[in-house]
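Please read these notes with the structure open beside you. They start with single residues and end with the whole chain.

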Amino acid sequence: MSSRHAPEVRPSEITPKAVWLRRRELLAGAAALGLAGSLADPAMAAALAAAKSPLSTDEPPTKLEDITSYNNFYEFGTDKGDPDRYAAKLTTHPWTVRVDGLVAKPSEYQLEDILKPVTLEERIYRLRCVEAWSMVIPWVGFPLSDLLKRVEPQGSAKYVAFETLVRPDEMPGQRGLFQTLDWPYVEGLRLDEAMHPLTILAVGLYGESLPNQNGAPIRLVVPWKYGFKSIKSIVRISLVEDEPPATWNKQNPGEYGFYSNVNPEVDHPRWSQKTERPIGQGGLFAKRRETLPFNGYGDQVASLYSGMDLRKYY
């Protein structure tokens, strides 16, 4: 399957010796990443940049101003610019994430406790994200599987359910006439999808803490699926036996399937998904390009769906 990605590790992606020798100091600073406004320490920023995951794409990243000003985050409104306009009021510290359900060790984590065991060498993922438009975002994050392993999923767990924050006094899209969806926003993955190394929990981008409008302080990123699967501002993760509800699938199951894998051969009922518009490359009149199956990550994830009819299970 064609791909725009190069999964092998290049010499330039290996952490420099000086950074490696400072890893304990750097990790202590990185643990506060979800709480600080930015990484002011140049050495920390350089270390994070050097620690790019071998799963990263070689494509140039989208500009920061485009990533932070063009978003879908319906808790703040339906316009692409609403999150940038209204998300500054969101309080993200302190932040608690409950991990429960079919696990041996259900826990409530403060964000800093989630980050403490994270290894520096796997924090940077430059991943493509796609809807009808696309971006390349240098996420700072870690595999979701690292967190799930801590709570020890039981054998009966088949899916992972996610739930976002409900705080209408800070999220105008959750109150009054502005409401368009049922809250809280919920999503779900099969357990094997959730355990894949490309499924990450992101806490930052471009070497800084995650901006509020991009899902602060912690969000899911599943790059081979359409963007609405990557739930933002997570407060609860539950291991369950049955397929959990997903907001857009509940809202309109004829348009949004549970799996939502990027499949250019399955059109949305109201538009084609065969091409995508890269953000930051010419505005509305930018040249569109071919959308790749699984967003170009087919070599890594297609085996998860062996034998499945991906037109039926869209």
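Which residues does Thr247 touch, not counting residues up to four places away in sequence? Keep the question in mind for the first point; the model is a predicted one.

1. Thr247. This residue lies in helix α9, which covers residues 247-251. Not counting residues up to four places away in sequence, Thr247 touches Leu181, Pro184, Tyr185 and Val186. Thr247 counts as buried because its relative accessibility is 3%, and buried means under 20%.

2. Arg219. Strand β9, residues 219-221, contains Arg219. Is Arg219 buried or exposed? Its relative accessibility is 8%, so Arg219 counts as buried. A polar atom of its side chain lies 3.0 Å from the backbone oxygen of Asn214. Asn214 is also among the contacts of Arg219 once neighbours within four places in sequence are left aside; others include Trp139, Leu210 and a run made up of Ser230, Ile231, Lys232, Ser233 and Ile234.

3. Val240. This residue belongs to strand β10, residues 234-240. Val240 has a relative accessible area of 22% and is therefore partly exposed, since the buried class requires a value under 20%. Leaving out residues up to four places away in sequence, Val240 touches Leu102, Ser156, Ala157, Lys158 and Tyr159. The C-alpha atoms of Val240 and Gln154 are separated by 9.4 Å, although the two residues are 86 apart along the chain.

4. The nonpolar core. How many residues does the largest nonpolar core have? The number is 70, and the residues with the most contacts inside this core are Trp139, Phe162, Ile218, Leu220, Trp224, Ile234 and Ile237. Strand β4, residues 133-143, supplies the largest share of the core, with 6 residues. Take Ile237 as a case to follow on screen: not counting residues up to four places away in sequence, Ile237 touches Val97, Arg98, Val99, Asp100, Leu144, Leu147, Leu148, Val160, Ala161 and Phe162.

5. The whole protein. There are 10 helices and 12 strands. Of the 314 residues, 53% count as buried. Among contacts between residues at least 6 apart in sequence, 72% join residues at least 24 apart. The protein exposes about 14,000 Å², and carbon and sulfur atoms supply 54% of that area.

Definitions and conventions
Residues are numbered from 1 along each chain as its sequence is written. This is a predicted model: local features need pLDDT of at least 70, side-chain atom pairs count only at pLDDT 80 or more; totals for chains, interfaces and linings use all residues. Side-chain values use heavy atoms; hydrogens and water are left out. Helices (H or I, at least four residues) and strands (E, at least two) are DSSP runs, numbered from the N terminus. Buried means under 20% relative accessible area, exposed over 50%, partly exposed in between (1.4 Å probe, protein chains only). A polar contact is a pair of N or O atoms within 3.5 Å; within protein, one must be able to donate a hydrogen and the other to accept it, and residues adjacent in sequence count only if both atoms are side-chain atoms. Contact means heavy atoms within 4.5 Å. A nonpolar core is a set of buried Ala, Val, Leu, Ile, Met, Phe, Trp, Tyr and Cys residues joined through side-chain atoms within 4.5 Å. Accessible areas come from the Shrake-Rupley method with a 1.4 Å probe; for residues, only the protein chains shown count as cover.
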